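These are my notebook entries on one protein structure. I set down in turn what I looked up.

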Amino acid sequence: MYSRSNQARMERMQERVDAGFMSKHYPDVESIVVSMVYNQRGIARPIHRIVNFAPGSYAFFKIDCFSRDCDAGGFDLTHVINGMIRNHRESAKGELTCESDQPPVDHSAIEYDIQIKFS
Ligand SMILES: [Zn+2]
(Lines give C-alpha, C1' and ligand atoms only; values in the text may rest on other atoms or scores of the structure.)
Protein backbone atom coordinates (compact mmCIF):
# COMPACT_ATOMS: atom_id res chain seq x y z
CA MET A 1 0.00 0.00 0.00
CA TYR A 2 1.28 3.40 -0.94
CA SER A 3 0.28 6.34 1.14
CA ARG A 4 1.82 9.59 2.18
CA SER A 5 2.34 8.41 5.68
CA ASN A 6 3.93 5.13 4.59
CA GLN A 7 6.22 7.13 2.38
CA ALA A 8 7.19 9.41 5.25
CA ARG A 9 7.81 6.43 7.48
CA MET A 10 10.08 4.78 4.91
CA GLU A 11 12.05 7.96 4.40
CA ARG A 12 12.47 8.31 8.12
CA MET A 13 13.68 4.72 8.37
CA GLN A 14 16.22 5.36 5.63
CA GLU A 15 17.42 8.52 7.37
CA ARG A 16 17.90 6.50 10.53
CA VAL A 17 20.02 3.90 8.74
CA ASP A 18 22.02 6.62 6.99
CA ALA A 19 22.76 8.24 10.34
CA GLY A 20 24.88 5.25 11.39
CA PHE A 21 25.50 3.93 14.84
CA MET A 22 26.09 5.92 17.99
CA SER A 23 29.28 3.98 18.73
CA LYS A 24 30.79 5.24 15.51
CA HIS A 25 29.87 8.90 15.91
CA TYR A 26 30.08 9.20 19.68
CA PRO A 27 32.48 6.53 20.94
CA ASP A 28 32.65 8.12 24.39
CA VAL A 29 28.91 8.09 24.99
CA GLU A 30 27.60 5.21 27.02
CA SER A 31 23.92 6.10 26.97
CA ILE A 32 21.45 8.85 26.26
CA VAL A 33 18.08 9.00 27.94
CA VAL A 34 15.51 11.41 26.61
CA SER A 35 12.46 11.96 28.81
CA MET A 36 9.61 13.86 27.30
CA VAL A 37 6.39 15.25 28.61
CA TYR A 38 3.80 16.03 26.07
CA ASN A 39 0.84 18.26 26.76
CA GLN A 40 -2.01 18.67 24.39
CA ARG A 41 -5.34 20.34 24.61
CA GLY A 42 -8.14 17.89 25.02
CA ILE A 43 -6.22 15.19 26.82
CA ALA A 44 -6.72 14.80 30.51
CA ARG A 45 -3.18 14.21 31.53
CA PRO A 46 0.25 14.73 30.08
CA ILE A 47 1.87 11.82 28.30
CA HIS A 48 5.33 10.78 29.42
CA ARG A 49 7.65 9.07 27.06
CA ILE A 50 11.23 7.91 27.46
CA VAL A 51 13.56 7.07 24.60
CA ASN A 52 16.89 5.37 25.27
CA PHE A 53 19.94 5.41 23.05
CA ALA A 54 22.80 2.95 23.46
CA PRO A 55 26.05 2.54 21.49
CA GLY A 56 24.22 0.12 19.18
CA SER A 57 21.40 2.58 18.47
CA TYR A 58 21.23 4.69 15.37
CA ALA A 59 22.53 8.20 15.95
CA PHE A 60 19.23 9.61 14.90
CA PHE A 61 17.52 11.93 17.30
CA LYS A 62 14.31 12.89 15.60
CA ILE A 63 11.25 11.99 17.57
CA ASP A 64 7.94 11.63 15.78
CA CYS A 65 5.16 14.08 16.46
CA PHE A 66 2.59 12.68 18.86
CA SER A 67 -0.25 13.85 16.68
CA ARG A 68 -1.67 10.98 14.69
CA ASP A 69 -2.42 13.18 11.69
CA CYS A 70 1.08 14.55 11.43
CA ASP A 71 3.57 12.55 9.41
CA ALA A 72 6.07 15.13 8.21
CA GLY A 73 6.74 16.77 11.54
CA GLY A 74 8.47 15.76 14.69
CA PHE A 75 11.03 17.00 17.15
CA ASP A 76 14.63 17.20 16.14
CA LEU A 77 16.94 16.84 19.10
CA THR A 78 20.04 16.44 16.94
CA HIS A 79 21.42 19.92 17.59
CA VAL A 80 20.75 19.74 21.29
CA ILE A 81 22.37 16.34 21.68
CA ASN A 82 25.34 17.17 19.43
CA GLY A 83 25.96 20.32 21.44
CA MET A 84 25.77 18.44 24.72
CA ILE A 85 28.24 15.82 23.55
CA ARG A 86 30.63 18.44 22.21
CA ASN A 87 30.63 20.23 25.56
CA HIS A 88 30.50 17.05 27.64
CA ARG A 89 27.33 18.26 29.24
CA GLU A 90 25.45 15.57 31.07
CA SER A 91 22.00 17.05 31.20
CA ALA A 92 19.82 19.59 29.47
CA LYS A 93 16.20 20.62 29.59
CA GLY A 94 14.09 22.57 27.19
CA GLU A 95 11.01 22.73 25.06
CA LEU A 96 10.34 21.99 21.44
CA THR A 97 7.33 22.31 19.21
CA CYS A 98 6.57 20.15 16.22
CA GLU A 99 8.52 21.36 13.23
CA SER A 100 5.86 20.57 10.66
CA ASP A 101 4.81 23.45 8.45
CA GLN A 102 1.52 21.80 7.60
CA PRO A 103 -1.58 23.68 8.66
CA PRO A 104 -2.05 23.12 12.35
CA VAL A 105 -3.72 19.83 13.02
CA ASP A 106 -3.02 19.37 16.67
CA HIS A 107 0.71 19.50 16.60
CA SER A 108 2.29 18.75 19.87
CA ALA A 109 4.89 20.45 21.98
CA ILE A 110 7.18 18.65 24.34
CA GLU A 111 9.26 19.41 27.36
CA TYR A 112 12.41 17.36 27.26
CA ASP A 113 15.00 16.33 29.74
CA ILE A 114 18.13 14.73 28.32
CA GLN A 115 20.67 12.80 30.35
CA ILE A 116 23.92 11.65 28.80
CA LYS A 117 26.32 9.23 30.35
CA PHE A 118 29.90 9.46 29.12
CA SER A 119 32.21 6.51 29.44
ZN1 LIG B 1 3.18 17.59 14.23
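Entry 1, the sheet. Before I could list any strand order, I needed a rule for pairing: two strands pair if DSSP finds at least two bridges between them. I note here that the model I examined is a predicted one. I also recalled that the strands of a sheet pair through backbone hydrogen bonds, in either a parallel or an antiparallel manner.

With that rule I looked up the order of the strands. I found an open sheet of four strands, arranged S2-S1-S6-S5 with antiparallel pairing. Strand S2 (47-53) and S5 each have a single partner strand, so they stand at the edges and one side of each is left without a neighbour in the sheet. From one strand to the next, the twist averages 20°.

Entry 2, the pair S5 and S6. I asked how many bridges join S5 to S6. I recorded seven bridges between these antiparallel strands. As one example, I looked up Leu96 and found that its bridge partner in S6 is Ile110.

I then turned to helix H3, which lies across S1, S5 and S6 and runs at about 30° to S6. Which residues of H3 (residues 78-86) are buried? I listed Ile81, Gly83, Met84 and Ile85. I next looked up what covers them, and the cover includes strand S1 (29-39), strand S5 (91-97) and strand S6 (109-118). Just after H3, I noted that His88 takes a positive phi of about 50°.

I located Asn39 in strand S1. Is Asn39 buried, partly exposed or exposed? Its relative accessibility is 42%. Because buried means under 20% and exposed means over 50%, Asn39 counts as partly exposed. Leaving aside neighbours within four places in sequence, I found Asn39 in contact with Pro46, Ala109 and Glu111. I also checked Ile110, which is 71 residues from Asn39 along the chain, and the C-alpha atoms of the two are separated by 6.8 Å.

I recorded a volume of about 230 Å³ for the largest pocket. Which residues line it? I wrote down Ser5, Ala8, Arg9, Arg12, Met13, Arg16, Asp64, Cys65, Arg68, Cys70, Asp71 and Gly73.

Conventions
Residues are numbered from 1 along each chain as its sequence is written. This is a predicted model: local features need pLDDT of at least 70, side-chain atom pairs count only at pLDDT 80 or more; totals for chains, interfaces and linings use all residues. Side-chain values use heavy atoms; hydrogens and water are left out. Buried means under 20% relative accessible area, exposed over 50%, partly exposed in between (1.4 Å probe, protein chains only). Contact means heavy atoms within 4.5 Å. On a 1 Å grid over the protein atoms alone, a cavity is a set of points where a 1.4 Å probe fits but cannot get out, and a pocket is an open set with protein on both sides within 12 Å along at least five of seven lines; lining residues have an atom within 4 Å of a point. Grid points are joined across faces, edges and corners, and a volume is the space filled by probe spheres set on the points. Axes are lines fitted to C-alpha atoms, for helices over the stretch in contact, and angles run from 0 to 180 degrees between N-to-C directions.
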